[in-house]
Structures are given as structure tokens and as C-alpha cells.
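Grab a pencil and open the viewer.

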Amino acid sequence: MKRIFFGGLLTLIALLVTDLAYADSPPFSATGQYMTGDWGGTRTSLKKLGYNFTLDYSSMMAANLAGGYDKDKTARYSDQFTFGADLNLEKILGISDGEFKTSLIDRNGRDLTQDRLQDPRAPVMGSGVQSNYGRGQTWHVEQFWYRQSWWKHALDIKLGLMPVGEDFDNNGCFFQNLSLCGALAGHGSGVWYNTPIGQWGTRLKYSIMPTLYAQVGAFQYNPNYATRHGSFELDGTGHQGYMYVAEIGYLPTFGPAALSGAWKAGAWYNTADANDVLDDDNGDPYVLSKNAPLQHNGRYGGYIYLLQQVTGTGKGTPRGLSLFWHLAINDRDTATMDYQTQLGAVYKGPFSGRPLDFIGLGVSKMHANSRLAHKAQLLNQEKGINDYDDPAYTPVRHSEYVTELNYSLKLTPWFTLRPNLQFLVHPGGVEEIKNAWVVGSQVAIRF
């Protein structure tokens, strides 16, 4: 409650300190880019000098209509404040094509998935109904990096603290459910971090041509940064290994309407030691042998992402239908979820009078590692339990499915409202849990 109050207080302060002098974009303008306006011209002046300061707010609400592990109906709220500074170093210091960016994220609230939908003995594998919940409802250092480009941005390097998913397998987020938002490689691998968790590292990108690029990255692997207090221990405490990522991308446009696309494929390898999910050193199930799990000297995975606009209303306009398919594969020796795939459609500008709105429909499948399911079966056999309702029973996971339908209303350039309906089949991959219906709503404000 203290964090929620503090977050609300920060919002109030941001409003009160706004320069109320009306400029080209006054506060709460229906056409301005920011809710607090142009600060009497100060914001524009700062940008011309190379300084861009931002404060973004995102909240998500979700209520269970039916189903889930706990059928007691309730609603949950979570929010996220992002404080950022983006500095154009060419304007400030004369460094051609140089940029510095930093951001802090404050997360607050509670999660409906955790409180009602999942069996606590078998948490969901990446389908949280509030995607801005998690990684500790606390403060995180998300970004602290320097970026430099050469040769008309053909060669680009970033150095510093950043989420791995900021540049790799990055596809944006058109949905509230976590299984349909962000880099899939971060959902089931256990070692890939998306926002709000930064990792020290570097990313090198080379654009072979404007529509074709290749990039590689190397990051410290430090799970301590995902903990409540570890996010600010930026001295490397908790460092366990390294994360290496490579990606190639194609950004085509087709036809006279210049229908845009993003086709990506990548692979990653993490050097940290990891336990086998089933076997010991002798190849026997360790839940039966009572030996220590087999240690692997790393883990690996890969992904494919295809997004293509298939209809349009004219060249240079975003209106039209886009289809997407996404697949992430994880190491079966070590991962809880060995693969996740999603399929969906986004229709931008469904009405001529609302070109910035969109309708989103997405379906996601999360497949539990069959070796993990076998381990659960062995545990239950050893205990002589076959009743799911027995507290000592270990749920046997299979596949988890999520569908979300939403409508995103761009009410002003700075205010977005996105109501949605979600349907979860077998939360956590547990078939004994009744399928759940959830109604949600997302708000995004740029102050």
C-alpha cells in the first residue's frame, strides 16, 4: 500500500509542478503529445538542446469471471511508473550520432493470476493476465546505456545496462496477457530477462541494407538484478555467467501500399551451470535415486518471429491488417517450458475516424517440458498419491493456452485505454484446473 500511495503521490507531484502557462500544447490537450503539455515551451526548448525527460504510467486491472484454481471472484490492480532521460549527445557534447539513455521503473500492486488462477504447486509458465506485474513489486534500474552509430547508422553499438529483450526478439506489446507480450525467449528459459530487468552488456548491430540487419549481444547473467533489493547492486554482485545472443532480421515492404513486415530469427546460449530437470549423473531420475541432479554447463534456445501487414489503405499509412507468428524453443534438459508459440492478428485503424486505434486477437500455447511432467508422475508414484486434491500431490503439467481479444482506444496522443477479454485453458498446464475467463483493462499515460 505504501508503494501504491507513493506512486500516486509522484503522479500528483508531476501534475502540480507543471508550468500552467499555455503554450502551443497546454496541459490535457486533446492533440498534444503529453498530458502535462509543453511546460510553457520548456519541454520543446529542452529537446532542442538534446534533453528529453519522460514519465510514463501504465496500469492493468483484471477480474476473474469464471474458472481458475480459486473460483472466488475478485479483481486485482497493478501499475508501473517509468522515469526516463534520453540525451542526444550530438547536441549536448558534439558527439555525432551519440545517445545516452537511463530509466527507472517502479512496480506496484497485486496479481490476479497468482491470487486466483494458478495452482500454487504449479505456477503458470508465462501467461500472467497482468503483464506489468512481476520481478518484484519494487524499484528497478532498467537502462543505463550509451549508444553510438557510424556510417549513417549502418553500424550501431550499445554499451551498458539494458534488458536482453530490449533489442533481441523485440516485437512490442499489443496485449495485456504476458504470454502475448514481449520477447518469448524471456518467458520459459529462466535466464533471459525482459523489462524491467537490466543486465550489463553490449549489443553490436550492422545493417547490411536498410531492410536487412544482423546483430549480436553479450551480457552478464545476473539473476540478483531480478530480486527486490538486487536491482541497485550494480557492481556485479550475483554474477553467475554470460548470455550470448545472435539475431538476423528482414524488414520488407511489399506492393504499392508499402505493406511493412518484420521477420526475425535468433539463438542464444547461457554459460551458467543449470540442473537437469529429471536425471542425475547416472541418467536415472534423481527423485528416485536421491542423488543430486545432473549439472549442465549451460543452456540454449532459439526463436522465430514473423509479422507482416497484409492489407493497407495507402502508402505511408499504418491502417490495415497485420498477421504474426512467434515461436521460442528452450533447452529440454533444463527448461520448465520447452517451447511456446503464438499466432494472431492486429488491425490498425479499424475506422477512418480513428486511425490510431487497433483491434488485437492473439492465441498462445505454452508447452510444459514432458521430462518435467514425467518427474511429477514419478514423485506421485513414489508417494502413492493419485488424487489431485491431496495437498501432497504434484500436479502433472501438459500445455497451457491463452486467447486475448482487445480494443485499443487512442483517446489522445498521450492517453490509451485498452479493454480486453482473456480465456485461459489449463492455467499452468494443469488439466484439473477449470478454464478461466478474465476481463481486463489497461491504461497508458505519457505525462
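**Exercise 1.** How many salt bridges does a search of the whole structure find?

*Solution.* Keep in mind that you're looking at a predicted model. Searching the whole structure turns up 18 salt bridges.

**Exercise 2.** Work out which parts of the chain the salt bridge between Glu99 and Arg147 links.

*Solution.* 
- Step 1: Find the contact. The two side chains meet at 3.9 Å, N to O, and the cut-off for a salt bridge is 4 Å, so the pair counts.
- Step 2: Check the cover. Arg147 has a relative accessible area of 29%. Buried means under 20% and exposed means over 50%, so a value in between is partly exposed.

**Exercise 3.** Now try Arg203 and Asp167: are they buried or exposed?

*Solution.* 
- Step 1: Their side chains form a salt bridge, 3.6 Å from N to O.
- Step 2: Arg203 belongs to strand E6 (residues 199-209), while Asp167 is in the loop between E5 and helix H5 (185-188), so the bridge ties together parts 36 residues apart in sequence.
- Step 3: Both residues are buried.
- Step 4: Zoom out. Arg203 and Asp167 belong to a network of salt bridges that also includes Glu99, Arg147, Asp156, Lys158 and Glu166.

**Exercise 4.** Compare the cover of the two partners in the Asp357 and Arg354 salt bridge.

*Solution.* 
- Step 1: The closest N and O atoms are 2.4 Å apart.
- Step 2: Asp357 has a relative accessible area of 2%, so it's buried.
- Step 3: Arg354 comes in at 29%, so it counts as partly exposed.

**Exercise 5.** Which residues touch the most other members of the largest nonpolar core?

*Solution.* 
- Step 1: Here's the background: in soluble globular proteins, nonpolar side chains tend to be buried together.
- Step 2: The largest nonpolar core has 23 residues, and the ones touching the most other members are Phe168, Trp192, Phe219, Met243, Val245, Trp268 and Tyr303.
- Step 3: Strands E4 (139-150), E5 (155-162), E7 (212-221) and E8 (241-250) each give two or more residues to this core.
- Step 4: Apart from it lies another core of 18 residues, including Tyr305 and Val346.

**Exercise 6.** Is Leu343 buried or exposed?

*Solution.* 
- Step 1: Leu343 is in strand E15 (residues 337-348).
- Step 2: Its relative accessibility is 53%, so Leu343 counts as exposed.
- Step 3: Leu343 is part of a nonpolar surface patch whose members, among them Tyr250 and Trp325, together have about 590 Å² of accessible area.

Methods: Residues are numbered from 1 along each chain as its sequence is written. This is a predicted model: local features need pLDDT of at least 70, side-chain atom pairs count only at pLDDT 80 or more; totals for chains, interfaces and linings use all residues. Side-chain values use heavy atoms; hydrogens and water are left out. Patches are made of residues with over 30% relative accessible area and no salt bridge: like charges are joined within 9 Å, nonpolar side chains (Val, Leu, Ile, Met, Phe, Trp, Tyr) within 5 Å. Accessible areas come from the Shrake-Rupley method with a 1.4 Å probe; for residues, only the protein chains shown count as cover. Helices (H or I, at least four residues) and strands (E, at least two) are DSSP runs, numbered from the N terminus. Buried means under 20% relative accessible area, exposed over 50%, partly exposed in between (1.4 Å probe, protein chains only). A nonpolar core is a set of buried Ala, Val, Leu, Ile, Met, Phe, Trp, Tyr and Cys residues joined through side-chain atoms within 4.5 Å.
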